[in-house]
Amino acid sequence: MFNLTYEFKLKPTAAQVAFFEDWLEQCRCVYNYALAERKHWFQSRSCQVNACSIRSEFIIRAETKRPTYASQCKSLTAARANIPALCAVAVHVLQQTLRRLEKAFVSMWEQKHGFPRFKKAGAMRSFVFPQLGVNPVNNGVLKLPKIGFVKFHQSRPIPDGANIKQARIVRKASGWYVMLTLQWDVSVPSVMPHGEALGVDVGLTNFIATSNGLLVKRQKFFADAECKLKLLQKRVSRKKLGSNNWKKAQKKVAKLHEYVANCRKDWHWKLSHQLCKDVGMVFVEELNLVGLSKAMLGKHCLDASWGQFFAILEQTCFKYGVYFQKVDARKTSQICPSCGLETGKKELSERIHSCSNCGYTTDRDVAAAQVVLIRGLAAVGHTVKMLSCK
């Protein structure tokens, strides 16, 4: 199976917006109730066998099984019979909310994420229709179960042969959007290493440096908008909490954040297309992005958004038929790409690589990109030629 996701902006009526808002609120209530049920079960099993907590203790019968997605779906069916507000929402949408909670717990167990938290009012921003009818899209109109026909701005056509599997309705600061998941019943072969190779090194002074000498300065999207953001946030702090003016000021802050994110994402897409032209292989560093975001320069690392750029670059490589792979990032700036000598740590102010052994001199980031290229070629089994032998 081959999947793609297309995003379009919706043009709902006032009544449809009210539907969306009510459904988001019902999904939030179901999520919080299911989370509370799971949390209480865990807390009831956290006490010692021979002692109880001094303050309080959750007491649940010993034979009660741990709440799961299947058991909570059964409880949801019983709750819908007694709560009219839940009956107004499509049952598959509420079940997808429970599945989202299940994924959160799986991420906590397998990927060491934190314990899932309750969602306050307005925090739930999307819900999913896992099933749509036959031909749900027709001339800029989307048919949704229990809601009906919703107009949307169809900026590009749906490809022939694509099956629309699901639709996710998303609320953003700039309006409502729909993400359509398209599926083709085909098997796409993996891209094999071929053609010219390119090594990419990322940084804060230069956003990227390539092994062929290309240097691209980092665009400071958040830093450029920080003064305006500070002004808007100051206006929010002066409004009465929860008032209409406070909500309007909050919406302006959210729109600015969305504008910064869109500008950054657009620049990443354009840069990735530029890199993938006329190459057959692209190698990048496998960085500890979480650790970098918590370091001293964490705000600048988050502004650069290397993780998003790598994900976009991988998608672009797949689109162009370019082989993409991550390599070990350790000591890429401490090794000479010409002779392989380890030159030791460099200060951040030292921007030129100069090897005392072979005399090879180049930009520090370009040298690191060339080391990434050498490691990538060695990983795919290609013969590596030292730069001094060219």
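**Figure 1. Helices and strands of the chain.** Helices (H or I, at least four residues) and strands (E, at least two) are DSSP runs, numbered from the N terminus. The model shown is predicted. By that definition, the chain holds ten helices and 13 strands. Its C-alpha trace spans about 80 × 65 × 50 Å along the principal axes.

**Figure 2. Contacts and burial in the chain.** The chain has 390 residues, and 38% of them are buried. Take the contacts between residues at least 6 apart in sequence. Of these, 67% join residues at least 24 apart.

**Figure 3. Cys339 and Cys355.** The cysteine sulfur closest to that of Cys339 belongs to Cys355. The distance is 3.6 Å. A disulfide needs two cysteine sulfur atoms within 2.5 Å, so the sulfur of Cys355 is too far from that of Cys339 for a bond. A search of the whole structure likewise finds zero disulfides.

Figure 4. Cys301 has 10% relative accessibility. Buried means under 20%, so Cys301 counts as buried. Cys339 has 29% relative accessibility. Exposed means over 50%, and partly exposed lies in between, so Cys339 counts as partly exposed.

Methods. Residues are numbered from 1 along each chain as its sequence is written. This is a predicted model: local features need pLDDT of at least 70, side-chain atom pairs count only at pLDDT 80 or more; totals for chains, interfaces and linings use all residues. Side-chain values use heavy atoms; hydrogens and water are left out. Buried means under 20% relative accessible area, exposed over 50%, partly exposed in between (1.4 Å probe, protein chains only). Contact means heavy atoms within 4.5 Å.
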